[in-house]
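Me: I'm new to reading models like this one. Could you pick one part, take a close look at it, and talk me through what you see?

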Amino acid sequence: MASCIGEWPEPVVRVQALAESGLAAIPSRYIKPPCQRPTAAAASCRTKPQQQHELSIPVIDLGELLLRGNVVAEAVAAACREWGFFQVVNHGVRPELMRAAREAWRGFFRRPLAEKQGYANSPRTYEGYGSRLGVQKGAVLDWGDYYFLHLAPEKAKSSGKYWPANPANCKEVSEEYGREVVRLCELLMRVMSTSLGLDQEHFHRAFGGAECGATLRANYYPRCPQPDLTLGLSPHSDPGVLTVLLADEQVRGLQVRSRAGDWVTVQPVRDAFIVNVGDQIQILSNCIYKSVEHRVIVNAKDERISLALFYNPRGNIPIAPAPELVKAEDRPALYPPMTFDEYRLFIRTKGANGKAQIEALKGQASPAS
Ligand SMILES: O=C(O)CCC(=O)C(=O)O
């Protein structure tokens, strides 16, 4: 992707290095305004009482697809309408491979700082070791580091120099993991297309067929001495098609915004993936399925690791609501056509910013589109 974003606006500080320095109070750069904090103070900014303990995102058994395909499609449709998030079990990716990928990245973050710095990324491509998303000077930062890579299509794959040399199996394991999870994304797209009454290849075609992209972000959230004041990752929806997240089995942290506006903490099911609808599905489905805000909280006791695989459209094809889901009177096209290359510049400039971008796009469609 051509980008006009050059360098980080300030020297980059590794959150892991801060955390390991043993500081008792976090620097002011990481302190969120009271209404954005994951605390009682934030709850007082809210209009409704917390209901977190009563709610959980749906768990869908993909092993049922062969025998009860319609039932699975209905469950996926309900989850996409109600939550924009669900967990999948019996998804076909080997649990040993999932564990190996997670442990390879844990191994990377345990390497000495000087070695990791050799992979420092820039906002030009994001590939490598990073500690912030947007490039706005003076932005309040999140309490987390990450590693970002392109896995697909073949011609867009990150070149060898971007891959960590240690752990020695990191590249091989991540590439195998990526291939398996992309296959899962293709399966999920067929189920989602069908669940909207479209032909099963509709999503795949509309998003660019074999040229769909996949990127991997390994997220590392160090322990935090003041977890009530900050976030590991600020609220955002994902700009692409689908995200498949391998969460930490031991440490919770992901929170999803429910339709009622509450932050619900996800309890990962063993060997499951957490799947969420991205903005491009919201656009293609003409807002029948919605991408949903999520964020990450951190804690004082445990570090946390997660692997997010982002399945994205080809960068240069315009994405617009499927004509079959547009009805002139009661459901006009809600979004104008836009390529993913144009769309993702927003998050790359401004960082995680709730659903601001997709909301801003809504209503810009001309009657003819
Ligand atoms: O770490 C998590 O649980 C979520 C990560 C996430 O939302 C992301 O990488 O976009």
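Reply: Let's start with Asn-90, which counts as exposed (over 50% relative accessible area, where buried is under 20% and partly exposed is in between, with a 1.4 Å probe and protein chains only), because its relative accessibility is 53%. This is a predicted model, with pLDDT of at least 70 needed for local features and 80 or more for side-chain atom pairs, while totals for chains, interfaces and linings use all residues. Numbering runs from 1 along each chain, and side-chain values use heavy atoms, without hydrogens or water.

Asn-90 isn't a glycine, yet its phi is positive, about 50°. You'll find Asn-90 in the loop between β2 and α4 (95-109); helices (H or I, at least four residues) and strands (E, at least two) are DSSP runs numbered from the N terminus.

Which residues of α3 are buried? They are Val-72, Ala-73, Val-76, Ala-77, Ala-79 and Cys-80. Look down the axis of α3 and these buried residues fall within an arc of 165°, so they line one face of the helix; the arc uses directions from the helix axis to the C-beta atoms. On the face turned away from that buried side, α3 carries the exposed residues Asn-70 and Glu-74.

So what do the buried residues of α3 pack against? Their partners are β1 (59-61), β2 (85-89), α6 and β10 (273-277), going by contacts (heavy atoms within 4.5 Å). Just after α3 comes Gly-84, with a positive phi of about 70°.

Two of those partners deserve a peek. Helix α6 spans residues 170-195 and has 26 residues, reaching 36 Å from first C-alpha to last, close to the 38 Å expected. After α6 comes Gly-197, whose phi is positive, near 80°. As for β10, the loop between β9 (263-265) and β10 holds Asp-271, another residue other than glycine with a positive phi, near 60°.

The loop between β4 (145-152) and α6 contains Pro-153, and a cis peptide bond joins Ala-152 to Pro-153, with omega about 0°. Pro-167 is found in the loop between β4 and α6 too; a cis peptide bond links Asn-166 and Pro-167, with omega about -5°.

Methods: Expected span 1.5 Å × (residues − 1).
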